[in-house]
Amino acid sequence: MNKAAFKAQYRAHYHQVFGLCRRMLGSTQDAEDATQEVFMKGYRSYAHYRQHRPFGPWIKSIASNYCIDLLRRRKRLAAVFSDIDGSQAEPIDTALATEDALINEHDAHSINEAVIALPEKYRLPIVMAYYSDASYEDIANKLGIKKNHVGVLLLRARQQLRHVLNSTIAEI
Amino acid sequence: MNCPTLLVQSHYADGELDSKQALVFEAHRSHCDACKTRQHHFMMETEALKTALRTDVEVLTVPQLHTAPSARYAFLTIALVITGAVLIDIAWQKLGVALSFPGWLNWLVPGVVDTAFNALDFFAGLLQAALGNGGRSLQTTLLWLTPVILLFAFVHRHARHNASMPALLLCIVVSVAYAPESSALDIRHDDDRITVSANEVIDDTLIVAANEVVVEGDVSGDLIAVGEKVTIRSKIGGNVFAFAEELEIESAINGTVFALGESVEINDTSISGNLFLAGEKFRNDSPVIISGNVLLAAKDAELGADIGRELWAATSSLVFSGTIAKDLRYYGGELELSGQAKIGGHLRAMVADEASVKVHDTAQILGERTVELVPEETSKHSTFDYYFERLMKLLAAFLFGLLLYWLLPSLRFMSALDGRDLLGASALGAIALITTPLLAVLVMFTLIGLPIGIAALLLWIIALYAAPVVAGAYLGDAILGNNEHHKPVLALLLGLLILFVLASIPFVGSAVRLIALIMGLGIIVRWLREFWDAQNYREA
């Protein structure tokens, strides 16, 4: 396995990794740096990577872990999730409780922008659950929160997304 | 009938409801249109989210792949090294900490640690002497340099490329503004004679050259004196660099003395730093106090100084009658320690025969006395066999390296370790160097652990041989650059060649070998860890 092969994989997967980092970190600049770091890490452990597995999920798992580590190093995770840790989440309306249009009524670009605009505590679970297909348990472990809070955050994230998407339309 | 909460429905939509609750919900949903609709909405939203999130972000250009260490880690590494140097220097100079490795380390790596540390000690003194004149000490220089580097690294990291260049310029300006003041120069030269009279005070660095030079007035900075005959009888605030056929010093010198002369006499003098002296004849009759080390290379020398640290002498003959706080290392013809001589540390002499070392009965040597005999043949550096042996060793290391990377190709990827990782890896290497044999021996004491202990020791010995090869490959990769046109075999050869050349230099060589060993071991340990991680990797 040589560098040329890795470089080909880099070109093929840069967009995906950058996209994941941008969604997790919420900043284009941070995402650019993080993407480089992720591929550097990937390059170092490339030889250990079992080639019969798809490269994409492997490099994206590195990216996801790296972004979480980065946020943890910046002590942002603890601060972001401290308000829900150990306490009951805010009550959630039993009805759908909104006149907003559903998320699926918007195009992919708007949804992406709305996800990036979400506060970190909603953005991270959304990206991990619906981009990386992580289970509630995985998300809870990585973010250092309780499993039952993950569902609450995801539900509230959907409500926020609907609201943000509809506000954007209203502004237009 | 009450509908389940949104939270329960959301859990169900995400497949996170346990089977019992899921059955209850499904039973309810079968006859509740509102819940059916809500589930449908949830599913539609989830699909829309997945599709949107998995749509590639538009990136106009994919940047170049960087596998080289990033600049900020390089800055951080430099800053850490400088900070470490400051702390060691402060401990060394201000607190008078005597640094010496415990003897058992030498058992692990015979000869290397001791020699490396002595070399480190010596060069630290040299560095201090070079930088520490007048008000400008090594500590102050390094102390202002460290925040400047860290500041630049911080700005580089956070402001990124558009602000890096102004930040660099700002740091240079800050460096210049806060740098310690340098002395002005006073340059004097004459074909015949120059005298700086006793009532004259030179508040600068003085450079003086003449047939005969006499300095009797005080100099606050450095003194550089060149002449056929140079006499210095004054207070010198900084270092003294004196080159003369006949050199005479009677001074109080606040720095280090570098002296070269055919005949050198130093009397009634105190030197705060080190004394580096080379000449045909050297003698001192009246008291001389030297706070640092003395490095003496002369044909015949008589020395009665009080030396604060070590004396390293290479002479045809040396008569010593002073005191040395630490070791005396002697290389050459004949060494005589007179009755007043006192050595606080060890005496290590390398001479042609034992009778060449004469120690008076009343002379005191507090440490060990070791006399090594110089082999009769000429220097190993001048024999063909030596170079042939080195070449064979290089070839063996190269072939071993090729075999190693053929068997374990992933080791090659460790060249992408950046400065920060390498520092961490080196720390791991140092720990592995010491702890592996100890743990192996401990494990051997248990019956079941005997084969494990033996295997660990064997692996450790192989790793000791492999470590410099791995370090050589890293060095080669760093020099040739880890780019598309990278030639790994050439990089390995180049790295090993450089290491072998550096390792052949006296004193420095031992330190190079030790650093390469620790660095290489660290890279191997790091590789083992990544290998382990990769085995345990769970696909996302």
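The model is predicted, so local features need pLDDT of at least 70 and side-chain atom pairs count only at pLDDT 80 or more, while totals for chains, interfaces and linings use all residues. Residues are numbered from 1 along each chain as its sequence is written, chains are lettered from A and ligands numbered from 1 in the order in which they are written, and side-chain values use heavy atoms, with hydrogens and water left out.

Colleague: Which residues of helix H7 (residues 136–143) of chain A are buried, and where do they lie around the axis?

Modeller: Helices are DSSP runs (H or I, at least four residues) and strands likewise (E, at least two), numbered from the N terminus. Buried means under 20% relative accessible area, with a 1.4 Å probe and protein chains only. The buried residues of H7(A) are Tyr136(A), Ile139(A), Ala140(A) and Leu143(A). They cover an arc of only 100 degrees, taken from the directions from the helix axis to the C-beta atoms, which puts them on the same side of H7(A).

Colleague: Is Asp14(B) buried or exposed, and which residues is Asp14(B) in contact with?

Modeller: Asp14(B) is found in the loop between helix H1 (6–13) and H2 of chain B. Its relative accessible area is 18%, so Asp14(B) is buried. Contact means heavy atoms within 4.5 Å. Leaving aside neighbours within four places in sequence, the residues in contact with Asp14(B) are Tyr130(A), Tyr136(A), Leu154(A), Arg158(A) and Thr46(B).

Colleague: In which sense do strand E14 (residues 294–303) and strand E16 (residues 311–320) of chain B pair, and which residue is the bridge partner of Leu303(B)?

Modeller: Two strands pair if DSSP finds at least two bridges between them. E14(B) and E16(B) pair in the parallel sense over 9 bridges. In E16(B), the partner of Leu303(B) is Phe320(B).

Colleague: Which residue of strand E18 (residues 328–337) of chain B is the bridge partner of Ala313(B)?

Modeller: E16(B) and E18(B) pair in the parallel sense over 9 bridges. In E18(B), the bridge partner of Ala313(B) is Tyr330(B).

Technical notes:
Buried means under 20% relative accessible area, exposed over 50%, partly exposed in between (1.4 Å probe, protein chains only).
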